[in-house]
Amino acid sequence: MINTFAQDVLSGLTAKNKYLSSKYFYDDNGSRIFQEIMNMPEYYLTNAEFEILSMQAKQIIDALGFSTPFNIVELGAGDGLKTFKLLEYLVHNNIAFNYVPIDISQEAIDILTERLKERLPGLNIKPKVGDYFEILKVNKESAYPSLLLFLGGNIGNYQEEKASELLRLFNENMKRGDKLLVGFDIKKNPLIIHNAYFDKHGITKRFNLNLLVRINRTFNADFKIDDFDFYCHYDPISGDVKSYIVSLRKQTVVLGALNKTIHFDYNELIWTELSKKYTINEISNLAEATNFKLTSNFLDCKHYFSDSLWVK
């Protein structure tokens, strides 16, 4: 992992327009800060999706149409808070299934497993830490059908081409008739979206700057955190929220372990994250373009968010 991390950091910081991949936000500290983001009143995504999975669990499970025991494979499970309501419905209704949460953070998986064993002792949980596709390859050999979960609007973190590529990879690692439940943040009043990502509490800023702290620790670098700021912009036409770290002065950063010096100009940007918002029509087109058939869109009462059920 560290070699890939090193390569990605070097590629990003030596590019003409500097960037860092948002997948590296989630070290253990980053995962903890993200929990704080999800608890902010402005961050509507958590509550909207929680409402869908709480209020429509029965409809979602009925729509699967599985007649045998099945696997629920959650990609990037995090704290599993949203999924809990779905799992609770299944356990309380004695529906036979295995829950396979996958995450890159061992700490996140450990906390999730402990919490679920406590709250749903009847749950058959088979947690995995690591790469989605290695685990999905093994899962594809299972005799049972599977429901893959890719929740929380994570698909919005990928540029259009990459999102399609990822969804096609999911498709290739699924059996015919397997289902995918994928979370999409829906286009809405731009102010609501702006306030969720450019919060007045400064938590999202801390989340972004933690990436520099991680680079300092991992590569013996000397980013001076106070010399960087955070900026975020939403374009309601494209649906793109873009986040940046801003260099507040002309400065030089040394990545000791990588034997590399990076120069920053005054007000130079490092692009850190994309979070795309979709229309219902765009969701339908994306399903079709990636060899899925859209079965249902499950929306919250404000129509802020959709958990979209697709079948291979």
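User: How much space lies in the second largest pocket, and how is a pocket defined?
Analyst: On a 1 Å grid over the protein atoms alone, a pocket is an open set of points where a 1.4 Å probe fits, with protein on both sides within 12 Å along at least five of seven lines. Grid points are joined across faces, edges and corners, and the volume is the space filled by probe spheres set on the points. Here the second largest pocket holds about 200 Å³. This is a predicted model in which local features need pLDDT of at least 70 and side-chain atom pairs count only at pLDDT 80 or more, while totals for chains, interfaces and linings use all residues. Residues are numbered from 1 along each chain as its sequence is written, and side-chain values use heavy atoms, with hydrogens and water left out.

User: Which elements give two or more residues to the lining of that second largest pocket?
Analyst: Lining residues have an atom within 4 Å of a point. Helices (H or I, at least four residues) and strands (E, at least two) are DSSP runs, numbered from the N terminus. The elements in question are β1, β2 and α7 (132–140), and α7 has the largest share, four residues. Among the lining residues are Asn 71, Val 73, Asn 98, Val 100 and Glu 134.

User: How do β1 and β2 run, and how many bridges join them?
Analyst: Strands of a sheet pair through backbone hydrogen bonds, either parallel or antiparallel. Two strands count as paired if DSSP finds at least two bridges between them. Strands β1 (residues 70–75) and β2 (residues 97–103) run parallel, joined by six bridges; Ile 72 has Tyr 99 in β2 as its bridge partner.

User: What is the order of the strands in the open sheet?
Analyst: Seven strands follow the order β3-β2-β1-β4-β5-β12-β11, with mixed pairing. At the edges, β3 (128–129) and β11 (293–299) each pair on one side only.

User: Which residues have the most contacts inside the largest nonpolar core?
Analyst: A nonpolar core is a set of buried Ala, Val, Leu, Ile, Met, Phe, Trp, Tyr and Cys residues joined through side-chain atoms within 4.5 Å. Buried means under 20% relative accessible area, computed with a 1.4 Å probe on protein chains only. The largest core has 69 residues, and Tyr 99 and Ile 215 have the most contacts inside it. Helix α10 (residues 203–219) gives the most to this core, seven residues. A second, separate core has 26 residues, including Phe 150 and Phe 292.

User: Why does Ser 243 count as buried?
Analyst: Ser 243 counts as buried because its relative accessibility is 3%. This residue lies in strand β7 (residues 240–247).

Terms used: Buried < 20%, exposed > 50% of the residue type's maximum accessible area, 1.4 Å probe, protein only.
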